[in-house]
Amino acid sequence: MSDETIDESTDDTTEEVEANESADASEAADANESADANEAASEAPGPEPDPNAVSITLNGREITARKGELIIAAADRHGEYIPRFCYHPRMSSVGMCRQCMVEVDTGRGPMLQPSCMITVSPDMVVETESDTAKRAQEGMLELLLANHPLDCPVCDKGGECPLQDQAFSHGPAESRYVEQKRHYEKPIPISDHVFLDRERCILCDRCTRFADEVAGDKLIHFIDRGNATQVNTFPDEPFASYFSGNTVQICPVGALTAKPYRFKARPWDLEQVESTCTTCSVGCRISVHSSRDQLLRFQGVDVESVNWGWLCDRGRFNFESIESDHRISDPMVRGEAGLASTTWSGAMALVARIVTEALDNGGPDSIGLLGGARGTNEDAFAWAKLADALGITRRDAQLGDGLPVEILGAPRATIEQAANAPTVIVVGPDLKEELPVLFLRLRDAVEKGRTKVIEFSSKTTGLTRYAWRHVEHLPGAAPQSISSTLAEPDVLDQLASGDVVVVAGRDNLAASEATAMAAVHSVLDAVPSATVLPALRRGNVVGALQLGLAPADAGHAALATLEAAAAGKLDLLVLLGADPINDCPDADLARRALAGARRVVSIDTFMSESTQQADVVLPAAAFGEQDGTTTNLEGRVSRVSQKVTVHGTARPDWMIATELALDLGHDVGFTTVDGATAAIAEAVPAYAGATVAAIDADPEGVLAVSGPVEFVAPEAGEQLPRGYDFRLVVSRKLYDRAIGTAMSPSLAKLPIGAGAHMHPADLARVGESDGVDVKLVSAKGSVVLPLVADESVQRGTIWAPFNQPGASINEIIDASAPVTDVSVERLS
């Protein structure tokens, strides 16, 4: 080979080597860049892992639970049902029934454990359907059925009974027990509403836990021992709880049954629809059950933001009034012989003529509209639209027994916020009596250590024993007590610990609205950052006020309207489900107003005392007889649903207002209830999100709250003693002479009756004994009432329940006076 050839070969080889080295260098560079990129990606911040997430394996499937969550709750959230009887998500776990036994492996091998007592832990393995778990569940059911009577065909729980269902799904095919079962007297009434069948009881502890943990009424408990253990009440102490009906609903067997529903229907005969209770303004979610076009029961629905599934007994059982034979069936017109039935066309023509004459004689200011809180949002909006079209400014959904509408302009709080705030200041009514489920929510907040309550009142209330501070004051002296208390060092420290919610309402109907608002302003002055939860009582009062049935000013509010009517300045007074004689604190004013108004038109469901004075009566649809929406005290809009046919020829209020508008030459802009709901969303900014679709899509409802506005504290007036012996305190009880209560047989006998309640030491001062009739005298008038010794009453005051059977305390109240002072006179 020549030297040239060798040189060429060497050159080619050198070029090839250099090319290979260049390629290797390029690949190395790419590899390094890729490694750097991967390293950079791995170092880039990603989503933070949830510190409360716990990974467990459930029936071979990996799921994510929450730290501290019970196995049974985690299984429920992931669609795995574990049988249970004693477990309830709103109460503490006790592991009484042992029906929820599952196999749990935490790394030491599988063991049978009650899933309602064990919290999840990382890498836990849970088997709910293993052979071992199934045998345990079958064994527990066999033991529970050993003494349980097989009376399903006659048991009210049959068809919706967890014991019956789980005996089929998780129980043995047959029982080995042939011995005689135990027997007790059955049933025994343990309250006005609840019957107890001890033979059926499986000792799950649900009813006793509810009474203790939720209601705070420890009136039902276990007695005796061993095989003789049973649930019962204490001797001579009935289960007199405002919430007793909840124990019937949560009882997993037929041991507790409701008297109003016993033997009325079988579950498979019932039709149901979800709705919202309007007995008070809390707005508890309920399911309405009917059979053969008759309402038979209400059941609580668990809604996180409102009632947690609980109901008060008044809201649960007053469905009976809707089926009452005393309902107004047809329109009535007053003639020489009194009120007589007529046709709708004749009645509506007469009302249109009356309105036209009133407008011609005195103008829009000669017409007053009172009420509207009984109906739906759509009802209130329709009447407000008609009032706008006619120029009527005298309108008010309250009757001088609430707070000025300006309270809705304060920064608003929700029930959920109040139940989770570090501090709640209550300047309002006895929540247990007027807003019972709100009381349960606040009680739970206190018992769980989330909230401290500071209560200002003129009398001991149901919330007093749970209050961190309870400050009693004489009526009219609240501002001074509030200012001094909220300035104390330990109270200031508590107020600075977090959010503050003020529950603001009317604690004394014998003191004026201005006096009540002065107390609220004292709190807001001391805690400017506080939010307000309005404790207004009537079912849809917030909705009615927000949708147009609110007075333009105090001169056009309910009391001013009644004063104008009493002075003969009103040609027409329209009552929208209102009964001023019994609901206005000043009964004399109400009577003079009804007598002084030239004409009175009443739209109502029953012939109340005020409706009996009307010239025209139009029958209105009641709850359960119409669709629509309602707004609760926090501003939450939810659905109200029709379940049964209207009574007689009754019509919804919105329909009456719409037809009357057409007769008067006006158009409110809608002809259906959904059209009214849509019109509200379009016309009222706060309700822009409360469309039909949005309300139906959200089980929690839709908040409709307008932005906060500045409002000025009213002048409360002179509040010094006026030479009388006692200062009067008047407030409501849960059961009174309200139509829904009086017309429900199960509730009608529960009002405590009229009386003058005094501290025992004051009885001695007066020189009379308990039960003696005396005359209470005020600047307004006098009334005869029996004396009642009551240690919950503050010295120097007399407390009288409002609107009770017997003499009416509102006969001696002057609604325009800041406070009411009375003296006590002997009758002999």
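Where in the chain is arginine 200 placed? Arginine 200 belongs to the loop between strand 7 (194-196) and helix 5 (206-215); helices (H or I, at least four residues) and strands (E, at least two) are DSSP runs, numbered from the N terminus. A word on ground rules: this is a predicted model, where local features need pLDDT of at least 70, side-chain atom pairs count only at pLDDT 80 or more, and totals for chains, interfaces and linings use all residues. Residues are numbered from 1 along each chain as its sequence is written, and side-chain values use heavy atoms, with hydrogens and water left out.

**View 1. The whole protein chain.** The secondary structure comes to 24 helices and 34 strands. Along its principal axes, the C-alpha trace spans about 145 × 85 × 65 Å. Of the 828 residues, 57% are buried (under 20% relative accessible area, with exposed meaning over 50% and partly exposed in between; 1.4 Å probe, protein chains only).

**View 2. The surroundings of arginine 200.** Arginine 200 counts as buried because its relative accessibility is 7%. Leaving aside residues up to four places away in sequence, arginine 200 touches His148, Pro149, Asp151, Val154, Cys155, Val253, Gly254, Ala255 and Thr257; a contact here is heavy atoms within 4.5 Å.

**View 3. A stacked phenylalanine pair.** Seven aromatic pairs turn up in a search of the whole structure. One of them joins phenylalanine 381 and phenylalanine 670, stacked with 6.0 Å centre to centre and 20° between the planes. For the cut-offs, rings of Phe, Tyr and Trp (its six-membered ring) pair if their centres lie within 6.5 Å, and planes under 30 degrees apart count as stacked, over 60 as edge-to-face and the rest as tilted. The two partners are 289 residues apart: phenylalanine 381 is in helix 9 (residues 377-390), while phenylalanine 670 is in the loop between helix 20 (653-663) and helix 21 (673-683).

**View 4. Helix 9 and what it lies across.** Helix 9 is mostly covered, with eleven of its 14 residues buried; among them are Trp383, Leu386 and Leu390. From first C-alpha to last, helix 9 reaches 20 Å, close to the 20 Å expected at 1.5 Å a residue (the expected span is 1.5 Å times one less than the number of residues).

View 5. Strand 27 (residues 636-640) and strand 28 share two bridges (strands pair if DSSP finds at least two bridges between them). Valine 637 stands opposite valine 702 in strand 28.

**View 6. Strand 24 and its parallel partners.** Strand 24 (residues 599-604) is largely enclosed by the rest of the structure, because five of its six residues are buried. Strand 23 (residues 572-576) runs parallel to strand 24 over five bridges, with leucine 573 bridged to valine 600. Strand 25 (residues 616-619) is also parallel to strand 24, joined by four bridges, and isoleucine 603 has leucine 618 as its bridge partner.
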